[in-house]
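Colleague: Could you take me closely through the place where the two chains of this predicted model touch?
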Amino acid sequence: MATLPQPPMPVVWRSETKPHKFCPGCGHPLVLKALGESIEELGIQDKTVFGCDIGCSLLAWDFFNLDTVQAHHGRVTPVIVGLHRANPRLVGIAYMGDGGGYAIGSQHLVNAATRNEKIMVLLVNNTLYAMTGGQMAPTTLPKQKTETSPYGREPETTGKPTLGPEMIRAIAPDSAYVARGTVSRLPQLKRFIKKGLENVVSGKGFAFIEALSLCPTNWRTNAEETWKFLEQDMHGYFPVGELAPEKGEE
Amino acid sequence: MADKPIVGEKRAFMTGNEAVTWAALAAGAHIMYGYPITPQNEIMHYWTRMAPKYDRGFLQTEDELSAGFTCIGGVLAGKRAFTGTAGPGTILMQEPLSMAEMMRIPMVTVICQRGGPSTATVIYSQQETRLTCFGGNGEGYRLVYSTAGQQDLFDYTIKAFNVAWKYRFPTFILSDGYQSKMREPLTIYDPEERGIKMVETEPLLGGTGIPGVDRDPRHLRNTYNMEDELYQVVMDMDQEYKRIAPEVVEYKAMETEDAELVLVAHGIVSRATEGAVRVLREQGYRVGHFRPITLRPFPGEALKEAVAKARRVLVVESSMGQLAGMVKEELYDLSVPVTGYFRPGEGITAEEVVEQVRGR
Amino acid sequence: MHNKSEVSHINGKDVPVVEAYVGEYAGGKSENAVNRALSLLERGRQVTLVDLDLVEPFYTLRPLKQKLEKTGLEVLTWQTDETIGLGEAGYPLRPDIRWALRRQHDIIIDSGYGVEGAKTLNLLEGASQHPYLQVLAVINISRPVTGTVENIIAYVQSLGRVTGLINNTHLGDETTVAVVQEGAKVVTGAAKKLGLPVVATSAVEDIGVRLGTADCMGNPVRKIKRYMPEAFW
C-alpha cells in the first residue's frame, strides 16, 4: 500500500503507538506535538518524566518516547511533585484536563503553585468532561449546553467559568511562569510550553500553561463551527497570552 | 552531614512514633511525605528534625490524598519513600493506596489507628484493621504488619522497606495511638551491623538512557479497556501474592499445644492477652495465645494448627470484630466456635481478659 | 529528704519558687514538675501547678487534676470532659494559665515539648520580666536526641532561655543506678560547657535511695514517684 508523505514529527513521538487514540479533530494531539517539539529542542528527553491524568489526557499514556505514568483523576500533579521532590534532576510534566486541574485536583494545583514546585502543569481546556461523555466542567461557558447543563450553564447557580491561569498567577510566586495558549495559534503555544519547561529546568519555579483546545465530538460541531467556538466564544472569555507578575505600586 | 543515624546498638527510651522515625532513618528511607493528623504527628515532627542532618527529604502536602500520591511519585523516582496517617486520613489515603496496589508500588505507610467512625478519638483503637488490609476498590494485595510496641515498631519499620522493595506490594505498619504515644525502652540499631541488608531500590521512571533511543520508554498505567485484560492483571497479581505469602507470613503462638481455649489478638491488644495467658496458666487454665503479626497475608495455616485442640477461640480486639471476621474466614471449615471480646475504641487490659475467660 | 538549698531566701525573706520544666517529648517534664510541686507542698508552701503542654498532649496533667488537688495543690489545667477534640482541635490556652505568673506563691510550670522550646513560656503574662522564674531543662540521655554531650548542648541551646539542667536519665522499668549515674556524667559534662548548673538528678524512689543524697557528680538527688503512667488519657 502506498503511503502518503507524513509531516515531520518530533523524535519523542512514539511511532509504535500511532495512530493515536484521540478523536478526529481533537486538540490534544496538537498540544502534545507542541510539547514533543519543545522537549526535543531543549534536549531534555533523557530526563523528562511525563504524567497524565484521567480523562482524555490518559490517552497519552503511551504517546511519547518518554517515561510516563498515568495517575488517578486530579492526582497527576502530586505524583509528579513527589517524583521531582525525590529526584530533582528529573523534569516533571503533569498533563491534565480542566476537570482534573480545576475541579477534582484543584487543591493539588493550588498548593503546587503556592509551593512553587519546580514542575510544569500543562492543562488542556476544552470546556467540558469529554471522556465521560460531555458533562459540565468548571470551564463550561455561560449558556453552553452539556449533559449536566442541558438548558445551558447558568452562572447564577453553577458559577462562572474558572480562569485558571489568572488564579495561578495570583497565588504563585513571581518566579513562576504562567500562560494561556490556544491550539489555534500553535507556534505561540509552543513558545509558551518551551518557556515553561525552561522555567522548571533552570530551577526558577513552577510553570502553568493552559491550552485552549477543541472537542468537536462533545461540542457536536463541524469543522467550521469547531473553530468558531474556539476562536470566538472561548477566546472571548479566556484571554490568550502570558501572565506576567503584576508590578504595581509598593 | 552526620554519618549513620545509629551506630552499633543502643538501649533507648522513646515513644512509638519516635521509634518509627529512627527505624526509617536507620533503614535509609530517603523521603517522607505527610499531612498532620493525630496520633501520627510526631513521626513528622522527629523526621523533620532529623532528616536534614542525614540528607533525607520531607514534603508536607495539602492533604492525605497528596501525601499518598507524592509518596508514589517518590517511589517511582526510585526512592525509599514513606508516609504515615490515621483515621480520616487513612480513608483519604485509600485512593493513592489503590493505585499503589494496582501498579505494585512499594510504598511504606504507617497507620496510627484512632477511634472511629469519623473524627472520633485519637488513642485506643483497632478500627482501621479492615481498611488497612482491604481498603480501596481492590482485593487487598497489601503486606500488613501489626506491631505491639516499640521494639516491633523499630524492627518492622526496617523490615517494611525491605519487604516492599523485594516483593513490590504496598507495605504497612499497623500501629495505633497508644503505641504512638506510650514510652518504653527498646534497642535501636544499625540494620547492616545486624546483618540486615537493605534491598536496593531502582528508579521505575527516569532511569538512565534516552527512552526510545537507548531503551524502551517505561509506560506505567492503571487503566485498562478490556475486562479480560484486567482479569489477567488481577489474576497474575493474585498468583504472585499467594506465591510469596508463605515467605511473608509471621505470627507468634504461645502455649497452644494443649490449649482448650485459644485467645487471638493482634497489635497492642496482644500484650494484654499474652499477659492474661500467663496469669491464667498459673491458675491452671489451659489457655493458649495466637497473635498474627502479618494480617495480610494472614497466617491461616498456623492459626488452624494453633486451634487444633481448642474447644473455643476467643478473639480480643479494640474493634467490633474486624479481626474476628478474618479469623472466622480462616477457620470456617472447623467446628471450633469463634467468640469475641470486642471493645471498639477502648483499651484492653490483661485483667479484664482474665476476667472474661474466668467468667465463661 | 529534700535538699534545703533548693528553696532560696533573700535577706532572710522567703522567695517564691517559680520553675518551668522544659525539654524533650517524653523526657520527663511532667513527672518532675508534679513531684517538685508536691515536695514544696509537703513543706507547707502554697503551690500552683500549671499545665502548659500544648503540642500533642497525651501524658498530661489533665487526668491527675482531681487526685492532685485533693492534696491541696492547685492545678491549672483542663479536665478532659471540659473540652473537646483533644489532639484534634488542639489545646486551647486557659485564661487562668495565661495569668498564672501573677500569683505570689510557688508556681511550677509543666511546659510541653515543641520546636519553640522555652518560648512557649511567652504565653504567660510577665514571663520575660519575672524576677524568680527558673527554666529547667529535663534531660534523659536514653533518648537519642539528647544522648550525648554534643546533642544535649545543641538541644538546650535551641530551647532559648534555660537556667539549669535536670538529669532525668532512665530506661523505664529497666532503670539501674548505673544508667542514672551515666546520665549524671553526660548531663554534667554538657552543663559545664553550657555554663549552667545541674539542679538535680531525679530518680524513682528505690533507685534514689541507692544513689544517696548526691549522684556521682555531686548533684543533689530528688526522689520522685511516678504519677504519669496514670495520666494517659
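Modeller: On chain B, 36 residues are in contact with 32 residues of chain A, contact being counted when C-beta atoms, placed from the backbone, lie within 7 Å. The side of chain B that touches chain A divides into 16 nonpolar, 14 polar and 6 charged residues, where Ala, Val, Leu, Ile, Met, Phe, Trp, Tyr, Cys and Pro count as nonpolar, Asp, Glu, Lys and Arg as charged, and the others, Gly among them, as polar. Its largest share, 9 residues, comes from α3(B); helices here are DSSP runs (H or I, at least four residues) and strands likewise (E, at least two), numbered from the N terminus.

The axes of α2(A), residues 76–86, and α3(B), residues 64–76, come within 6 Å and cross at roughly 50°, the axes being lines fitted to C-alpha atoms over the stretch in contact, with angles from 0 to 180 degrees between N-to-C directions. That makes α2(A) oblique to α3(B), since angles under 35 degrees count as roughly parallel, over 145 as roughly antiparallel, 65 to 115 as roughly perpendicular and the rest as oblique. By class, their contact has 10 nonpolar, 5 polar and 1 charged residues.

As for conventions, residues are numbered from 1 along each chain as its sequence is written, and chains are lettered from A and ligands numbered from 1 in the order in which they are written. Because the model is predicted, local features need pLDDT of at least 70 and side-chain atom pairs count only at pLDDT 80 or more, while totals for chains, interfaces and linings use all residues.

Conventions. Two residues are in contact if their C-beta atoms, placed from the backbone, lie within 7 Å.
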